[in-house]
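Dear colleague,

Please find the structure below, handed over for your own work.

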Amino acid sequence: METSERRKQLAFSLLFGLCFPCCLAQTTTTAPTRDTPTPSSQARIKVRLAGYPRKHNEGRVELFYRGEWGTICDDDFSLANANVLCRQLGFVSATGWTHSAKYGKGQGKIWLDNVLCNGGEKSIDSCKSRGWGNSDCTHDEDAGVICKDERIPGFVDSNIIDAQVDEFKVEEVRLRPVVGTTRKKMPITEGVVEVKHRNGWAHICDLGWTVQNTRVICGMLGFPHERKVNKNFYKLYLERQKNHILVHSVSCTGTEVHLAACPLEYAKPNSTSSCLGGMPAVVSCMPGPLFLQNSSLKKKVKVSANVRLKGGSRVGEGRVEVLRDRDWGTVCDDRWNLQSASVVCRELGFGTAKEALTGARMGQGIGPIHMNEVKCVGHERSIWTCPYKNITAEDCQHTEDAAVRCNVPYMGLENSIRITGGRTRYEGRVELLIPDSNGTQGWGLICGETWTTKEASVACRQLGLGYANQGLQETWYWDSSNVTQMVLSGVRCTGEEMSLSQCQHHKTVSCQKSAAKFAAGVICSETASDLVLNAPLVQETVYIEDRPLHMLYCAAEEDCLSKSAAKANWPYGHRRLLRFSSEIRNIGRADFKPKAGRHSWVWHACHGHYHSMDVFTHYDLLNANGTRVAEGHKASFCLEDTDCQGGVSKRYECANFGDQGITVGCWDLYRHDIDCQWIDITDVKPGNYIFQVVINPNYEVAESDFSNNAMKCNCKYDGHRIWLHNCHLGGALSEEAERLFEKYPGQLNNKVS
């Protein structure tokens, strides 16, 4: 049938060509350009999402071309490419894309490389590239997409073909404890391994089970290490149970981040002897120090002192920072993948990496960038033992800082807290589930009297809702709950706790304003700002000025002089001022905006401007024991974008009562020659001191990291001149370097050498 049809078509074509040669010439196709990967009309492109672990709207991109499935290299990949692919798959758009084989390495061909779409193409084969099958990549560079979970209306031809089309997929794994005393303890560290199957749970046969398999299971459940388990105990228990074996054998190498990445052999349907001579697999894991209940064990289990995570809102996530030569620095995201991220997670006491994040997704770091192109296998004990490249200034910028989200043990902390009455799930009155004197559990309120951004940040973390945008001491406008009892007061948190139960609080409730409208509330946010001071600029611009009193009336009105100025013989005489410039950058992921709205800003007629924050920065001169010998402060009379890094536009300008704030990637410059940009040192004796600047000292505005808000310098004052040395931000130096800073020559005896 097909042969006869082809003959008819060929005959018709010859006849048509003889009769209408001009028409035939007009319809002749031209060869596609080298950089446009146009396939033949018979080779229809199909797209599917594959890999692990993932949701239905994300995954590794695979293309079906010339009878074979293959992948796309992540070189030059962009959101525009992802938008084209997601629409091709029937989704309305893309929300992101991934690189470095986040969803696992594909197999077979790498069909496309250096793909460049403008975003409007109907198919990926309409975009420019190196051509089909022309690539210099490996499957370590397979690209993936994250599509918005919304289908295109009327989209019929579902182009999604799951790589794992059978029913045997391992996505969720848990440990089921069998010992009564361990069932209520969190986290669950030991038990029978169970995998989600259909609407229930199934088991894995332990025949040939290895420590590498246990390592992978523990890692994906948030534990850095594995422990030996008493199999004899479990064997007696499991022999009396009805077991459903789904997986017959597992062969992990120990470097995998998920069980689904290991070679698995599934049991045959209706087989009764799929685990003959064996039993369901049982594992025991060792939690990191944060999750250990035994205080004596906490001291024995140590985590790396040379690696840390900064800027994350949740436990086990953040920008990766490493310590070298007493200086903390970041890691460039070139070739950053799950294996390298997992090494970082494990050495910090977490499990394997859930995500390896690029493009400063947890905010930009400061200082040096120590590592680039890190290539861990997954067995390494520290990222420092992995191959990597030293970098130059041309290689990387802080916009490329690598970050991680680690698997952490499930603690169930979110079950004992809720927020009610808000307009969105990110805001509301905080309510805790606490047992009463009768042992029954009920929701109570928290007294708002001592409630600040720090306490709110812990509440948002416990809720899994990111950072605290605001901590509210009154919530009368969210009065939608029938809960009226105050069960907690005097809450004081450092801001680093995992739950409010770890914070200090009154033993018995003591709340002066005990009405429900004075209960604590929060507004949470997935992103936050992060302000840092340009320390070198402070050190370079410092000087002393003797300023006449008749030029300081406005400064005195704004309380920018020391107390002794009130006793001076105005307008005669002068004040000695330590002056400097300060450049405050926002390196976070959200704009820094004053807590108060413009309707409550205070007008200062003397200087002719509004104050949006009463205290934006503190300036202090401290002696060796930390006592202030002189101080100053800066009200935020004008928070604006003085300048921005390349590609970022200014958004805030003070002129004409404009909006105040600092955009992400921009900075606000307070020059040395403006009022109150000083410390009044008129009464200070010559000596060695510590000069300190603290931004946002009262934590009025939420930030992803408050530890870098303070800057310290060694200060030498001989009575005529002043010098600053070793200016650095909080957390920028190692503990040893910080101790040496405190022992600066002459610091302890306060004498000038």
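**Findings**

In α3, the buried residues are Ala 80, Asn 81, Ala 82, Asn 83, Val 84, Leu 85, Cys 86 and Gln 88, where buried means under 20% relative accessible area, exposed means over 50%, and partly exposed lies in between (1.4 Å probe, protein chains only). This is a predicted model, in which local features need pLDDT of at least 70, side-chain atom pairs count only at pLDDT 80 or more, and totals for chains, interfaces and linings use all residues. Residues are numbered from 1 along each chain as its sequence is written, and side-chain values use heavy atoms, with hydrogens and water left out.

Helix α3 spans residues 79-88, and eight of its ten residues are buried. Helices (H or I, at least four residues) and strands (E, at least two) are DSSP runs, numbered from the N terminus. The cover over the buried residues of α3 includes β1 (46-50), β2 (58-65), β3 (68-72), β4 (94-98) and β6 (144-147). Just after the helix, Gly 90 adopts a positive phi of about 100°.

Strand β2 is itself largely enclosed by the rest of the structure, because seven of its eight residues are buried. Two strands are taken to pair if DSSP finds at least two bridges between them. Examples of facing residues are Lys 46 with Phe 64 in β2, Glu 62 with Thr 71 in β3, and Gly 59 with Val 145 in β6. β2 and β3 form a hairpin with two residues between them, and Arg 66 in the turn has a positive phi of about 55°.

Arg 405 belongs to strand β19 (residues 403-406). Its relative accessibility is 17%, so Arg 405 counts as buried. The side chain of Arg 405 makes a polar contact with that of Glu 317 at 3.0 Å; such a contact is a pair of N or O atoms within 3.5 Å, where, within protein, one must be able to donate a hydrogen and the other to accept it, and residues adjacent in sequence count only if both atoms are side-chain atoms. Leaving aside residues up to four places away in sequence, Arg 405 touches residues including Gly 316, Lys 354, Glu 355 and Arg 361, with contact meaning heavy atoms within 4.5 Å.

An open sheet of five strands has the order β33-β32-β37-β38-β39, with antiparallel pairing. Its edge strands, β33 (628-634) and β39 (722-729), each pair on one side only. Within this sheet, β37 (residues 687-695) and β38 (residues 710-717) are joined by eight bridges, and the bridge partner of Ile 690 in β38 is Asn 714.

For aromatic pairs, rings of Phe, Tyr and Trp (its six-membered ring) must have centres within 6.5 Å; planes under 30 degrees apart count as stacked, over 60 as edge-to-face and the rest as tilted. By this rule the count comes to 14 aromatic pairs. The rings of Tyr 699 and Phe 706 have centres 4.8 Å apart and planes at 85°, so this pair is edge-to-face. Both residues are partly exposed, Tyr 699 with a relative accessible area of 30% and Phe 706 with 21%. Ring pairs also link Tyr 65, Trp 111 and Trp 132 into a cluster.

Yours sincerely
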